Amino acid sequence: MAQQGQQGEVALVTGGSRGIGYGVAQSLIARGDRVCITGRNEDALKEAVEALGADRAMYVAGKAHDEAHQTDAVEKVMAAWGRVDHLVNNAGTNPVFGPIAELDLNVARKVFETNVVSALGFAQRTWAAWQRENGGSVVNVASIAGISASPFIGAYGMSKAAMVNLTLQLAHEFAPGVRVNAVAPAVVKTKFAAALYEGREQEAAARYPMGRLGAPEDIGGAVAYLTSRDAAWVTGQTLVVDGGLFLNSGVE
């Protein structure tokens, strides 16, 4: 764990041991922030902190939807560094692949609990602990699945649409001191999204005008912008980071 008294801003990144969350943590640390990452797998979190640099990173293990974990994470960041300027709600799940007409409603509830309700819980806690009095920013990691039809991952898409609206609600309530935005990535090469491209990456990438799938650092850069002073007049927005995929909508 980093020592108290270091200068710079502090971010809490949920689901940060790998993939997009890890890419976000890398980008924020590169600009001088200290970052706490969360996740369920303590071994993976330890490895991530070691790679990120234990002088700039820490972790708190737990399940994102567990309210006790949410409280614990925010309290430990405050105890270690005395502030939590930025919250990045990245933790998410997508346990099913198939038509929504056959979706088990208990699975749908689990998806919303993890992807949406947990994000609200973390936002409430960072707001109460630091941001209400001191300002800061929140970035919710949504998806293009939340702003378009998303065949076979409908529950995930529905939850990400809710994340986009949650962004609007929080941006309205937390203004003017706290800016709240979202990023909506297309397919990013992570273990989480492997089912969408594994074994056919070239075919999947051919749909993108930029000629490739996304990388975690692409999203990390977008989040770094939205949490920076360069975005001081940006709130309530969802930034689509899709390699130009939507440019091909409707194109034969």
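Which side chains meet in a salt bridge at 2.9 Å, N to O? The side chains of Arg 31 and Asp 33 do, a salt bridge being a side-chain nitrogen of Lys or Arg within 4 Å of a carboxyl oxygen of Asp or Glu. Arg 31 is partly exposed at 32% relative accessibility, whereas Asp 33 is buried at 5%; buried denotes under 20% relative accessible area, exposed over 50%, and partly exposed in between (1.4 Å probe, protein chains only).

The model is predicted, so that local features need pLDDT of at least 70 and side-chain atom pairs count only at pLDDT 80 or more, while totals for chains, interfaces and linings use all residues. Residues are numbered from 1 along each chain as its sequence is written, and side-chain values use heavy atoms, with hydrogens and water left out.

The whole structure contains six salt bridges. One of them joins Glu 9 to Arg 229, with the closest N and O atoms 3.1 Å apart. Glu 9 lies in the segment before strand 1 (10–13) and Arg 229 in the loop between helix 7 (216–226) and strand 7 (238–241), so the pair ties together parts that are 220 residues apart in sequence. Helices (H or I, at least four residues) and strands (E, at least two) are DSSP runs, numbered from the N terminus. Glu 9 is buried at 18% relative accessible area, whereas Arg 229 is exposed at 68%.

Arg 212 and Asp 218 form another salt bridge, at 2.8 Å between the closest N and O atoms. Arg 212 is partly exposed, at 44%, and Asp 218 is partly exposed, at 27%.
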